[in-house]
Every structure is written in structure tokens, then in C-alpha cells.
There are 2 protein chains.
Amino acid sequence: MDASNQQPVNKMTISPGGLKQACSSCSLRELCLPIGLDAGELDRLDRMVTRRKHMQRGEHVFRVGAPFQFLFAIRTGFFKTYELQDDGQEHITGFHMAGEIIGMDAISTDHNTCNAVALEDSDLCEIPFPQLESLCREIPALQHQFHKLMSREIIHDHGIMMLLGGMRSEERLAAFLLNLSQRFSARGYSASEFHLRMTRAEIGHYLGMKLETVSRTLTKFQEQGLIAVNNKHVELLDLVRLRQLMNREECSL
Amino acid sequence: MDASNQQPVNKMTISPGGLKQACSSCSLRELCLPIGLDAGELDRLDRMVTRRKHMQRGEHVFRVGAPFQFLFAIRTGFFKTYELQDDGQEHITGFHMAGEIIGMDAISTDHNTCNAVALEDSDLCEIPFPQLESLCREIPALQHQFHKLMSREIIHDHGIMMLLGGMRSEERLAAFLLNLSQRFSARGYSASEFHLRMTRAEIGHYLGMKLETVSRTLTKFQEQGLIAVNNKHVELLDLVRLRQLMNREECSL
DNA sequence: TATTTACATTGATCCTGATCAATGGAGCGA
DNA sequence: TCGCTCCATTGATCAGGATCAATGTAAATA
């Protein structure tokens, strides 16, 4: 599992002293809540986000029905949020990485409506929501940034809805790989080569297809020279053709 | 097209003097932004929402790419929000009725990311977003209610994602009908009998199925005695069995 | 009212992707 | 290092729903 290409360009590693690093010095401040805050405002945000929490692979951040207290900003690592259908089937509502905020679904009902679990060892910032709202009332830039983050989640979900409702499995998987690529890239990792943190089944639960279809489609992409797959390691060899897959004219439904 | 059962229990009609009715006297204040506000706060909200806008059937509220200025609260009527795929296929991200707020997707990028169009003659409240944010900074209850509404949209979208990713067409349509029923019911209309405001094709664009499948499935439901359909008029005859359709054990994917 | 257009229904056929099933590898714990 | 368990691949078959096509019906316009 060589991670040579997985090294981030910006330093994103945990500071030597454990998890004491503050928002003000966090390399994710360009992605996360702090965008647009000045030094003084950042400092106030820092003091609010007291707890940095380490999560082990497989550990849950929250579960359906848990009383809502915190939003969680991902510092490092990789998470999935999922719900269980009535028949026990898992449906994954999102994969989440550094700089993203999870738990916003709970605001509406004061209880989490999905489960969140770490897919690798990860670090979180715990954001007490009442305090965040309070601070948002005092710092317009923070307020606006928070609204933007919620709005972004809505847009993201609309994208998934289009994907699930209107694309065939080949296109969905291409979209998925390109989305991962883009997000890794935005965080300073390679856009063309990465390790999948999730299983084929989990990809399927996210994209609305069976794990066999995921596997077969990956194989097909490989045969077409679009990607190289070896287990969880993926290399995107032809981004152009991969993108073309999604813009097909013939696609209907 | 008798609309006897379509008469709302609460009065929801437009006041005689046009569209002057304020939030404080709006019958939707239990669904919309005003929840939890006291008289003085309501008054401030009233003064902010100056424009009440009448929309004719087929008229657009906003289109993709339009600069973001307003959120829109639906006072009466029925809307769809949709996006066009690359191939021109329409994908509907939501059907919206009285008390709901549309346009929140635009917060993130300052431009609308979807189109919104009235499916029948309707009335809107135009909410200038910067002023809303400003008022949210002063009225915690309004702020919290607004956050709840955004969160609710996220939850709703997750529900659709589960539906699209994990249910077969029969279950999707049952879920759709039950959802409409519940929403009409919450607004004082009949839960068991209503007029569909959208075409079969639009239902299909929402549920990720072709219009022929929508039509066939409705017919099948009718043959099974679950519903009675006559064009756009639908009567739900067996809510229990309709619900059972969705909780099936055998459902997989 | 007549004519046009948009919408809905129904049938026949085909194809994508699900399902069932077996085998092969990778990673983890003892 | 062995053995177990989880994960991935691949094949064969089947079915749900898409597609193509024709007809019927309701609403809109002249």
C-alpha cells in the first residue's frame, strides 16, 4: 500500500503535539467554515471548537436517533454517512473527506437521521451547534459561510439524484471516480491516482447498483484503457474519455 | 374536475385586497419561516418580505445561472424545480407546495443551480436573502427556523436518494403518492383524494422512470384496488397496503 | 364547435443490470 | 505463518423496466 502519491501537497498532517491545531493554522481553512474570517474572528471560532476527536476505522461518529449536539468538521480521514432501508439494506448518502462538515441533517429534528462511520483512522473537530448559531449571529462572514456549506450539501444531493435517476451504471461510476479525483485534487492529492477507502459494495450502495456491477464496470473501464484498477488502488488513465462517458447524447431515461 | 375535496380546511385563500396578506396573518405560518416568532419579530419579518408575486402556470420563478437575490416562499400553488442533463433530459429535483421555500441551492454559488416553474397559478413571497441573513442575526428563533428548513431539504433529498438508489419502480410510485397525500393532508386538504399537478412524464423525471412505466404502474395499482386513477385525479383506496408495498422484505439492491 | 396539440394508455420486444453461484485474493487475528 | 473472514472477480441466467410503436383521450386554440 504505497502512499507515495497520497502525500498531500499542502501540509495536512497532524501537528506533533497531538490534535491541538486550531482553525487558524489548519490547512483546511480554505475549505471549511473559516473561509472569509479575519484573524480575530478566527480566534473566536477556535475557542468554540474545543474538542478535536480521533476516530478509529470503523468507529461511529453518530447514529440515527442520537440527540443532536454537534456538527463535525473532518480534519483528516474519510467517512461515510448511511441509512438503513426497512429491509436492512444500507444506503450510503455520502462519502466525506477533509474540510467537509457532517451532521447537518440533524438540525431539522434535533436528532441524527443517518449514521456516520470512519472508513479509515480520522480526526474530527466537534462543533457545538448552539454556540455555532450564536457565533453566526455575531460574525456575518461565518454565518454566510455556514449557509453556503448547507447549500452546497443540497446541490451535491441534487447531483446524486440526477445521477441515480437519469444515468446508467457505467456513467454513474465514471461520475463517481471523477468526483473523487476532483476532491482529492482540491486537497493537494493526486487527481489521477488514489486509494478507494470503500468496498465495492459500498460504492454500489452509494450509486444504486450491485457490487457485481461495480466490479464488472471497473473491469470494463480497465479493458477500455480508461483506468487501471488493482483492488482498492485506482489510476485514472484517460480523464477526457471518462468525462465523455457522462455527456453522451444517447443517454436517456 | 370537482374540487370539493380540494377545499382547504384552514383558510388558505388570498385575501380580497390582492396579495397584501402578511406573514403574521398567513395561514402558512405554521409551516414556513415564522414558526416560533413572537408578534414583534413577526412584524419585522413582514416588513422584510415586501413583494408578493403572482405566478401564472408555466411561468418561471428563476432559471439556472440567474444571479441569486431572493428565496421564495410558496404561499399558494404548486411548483417543480428541475435541471437539464447534458443530453437535454429533464430531471426534477422536487415538487413544492404552500409553505415551502425554494431557491436555497443558490446560496452556495450566488447563482441558481436549477430552474423553478409554476405548475399551476400560484403566489410567492419574495425574500431578499441578505436581509434575511441580517434578520437571522438579530432573531435567534428565525435563524434556527431557517437552519431547520435547510436541514429539512437535505433530509428530503436523502429520502429521494434512497428511493432512487434502492427501490423498484412500484415502490417509488407508492412512496410518491403517499408523500403527496401526507403533504396535502398537512395543509388541510384530503389525504386520500387529490389532483396531480404534474404529467406522467414529470413524475417519471422525478422518480427516475419512464412515463410509460408510470402509467403502467398506476394502472396496476388500480387493478389491485389500491387506488383509483382518472387522468390527473387520484384516490388512494388502501393506504395500508400502499404502505406495505414499500416495506417489503424482498426488496434488495 | 372543429381542429390541433399535448398527454395517457397499452402492446410487443429488447437490453441493462440484478440475481444466483462459484472461485480467487487480500488482510487480519491467533 | 496458518487459517479464517472479508472482499473482489467472473460466469450464467433472468427479469424489471426501457424502448419502439400505435391508439385513445383531454385540453387548448381558432
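Before comparing chains, I noted the method: copies are superposed by least squares on the C-alpha atoms of residues with pLDDT of at least 70 in both. This is a predicted model, in which local features need pLDDT of at least 70 and side-chain atom pairs count only at pLDDT 80 or more, while totals for chains, interfaces and linings use all residues. Residues are numbered from 1 along each chain as its sequence is written, and chains are lettered from A and ligands numbered from 1 in the order in which they are written.

**Entry: the two chains**

I laid chain B on chain A and got an RMSD of 0.0 Å, with a turn of 180 degrees and a shift of 0.0 Å along the axis. That is the relation of a two-fold axis. I then asked which residue of chain B comes closest to the rotation axis. My note reads B:Arg137, with its C-alpha at 2.0 Å.

**Entry: where they meet**

For contacts I used C-beta atoms, placed from the backbone, that lie within 7 Å. Chain B brings 42 residues to the contact and chain A brings 42 residues. On the side of chain B that touches chain A, the elements giving two or more residues are strand E5 (90–97), helix H2 (129–138) and helix H3 (140–166) of chain B. These elements are DSSP runs numbered from the N terminus (helices H or I, at least four residues; strands E, at least two). H3(B) gives the most to this side, with 19 residues. I also found that 100% of the interface residues of chain B are interface residues in chain A too, so the copies meet through the same surface.

**Entry: helix H6 of chain A**

Which residues of H6(A) are buried? I wrote down A:Val214, A:Thr217 and A:Phe221. Buried here means 20 or more other C-beta atoms within 10 Å of the residue's own, exposed means 12 or fewer, and partly exposed is in between, with C-beta atoms placed from the backbone. On the other side of H6(A), I found A:Glu212, A:Thr219 and A:Glu223 exposed. The cover over the buried residues of H6(A) includes helix H4 (169–186), helix H5 (200–207) and strand E10 (227–230) of chain A. After H6(A) comes A:Gly225, with a positive phi near 75 degrees.

**Entry: A:Val64**

I found A:Val64 in the loop between strand E2 (60–62) and strand E3 (70–76) of chain A. A:Val64 counts as partly exposed because it has 15 C-beta neighbours inside 10 Å. Leaving aside neighbours within four places in sequence, A:Val64 is in contact with A:Glu83, A:Asn112, A:Thr113, A:Cys114 and A:Asn115.

Terms used
Contact = placed C-beta atoms within 7 Å.
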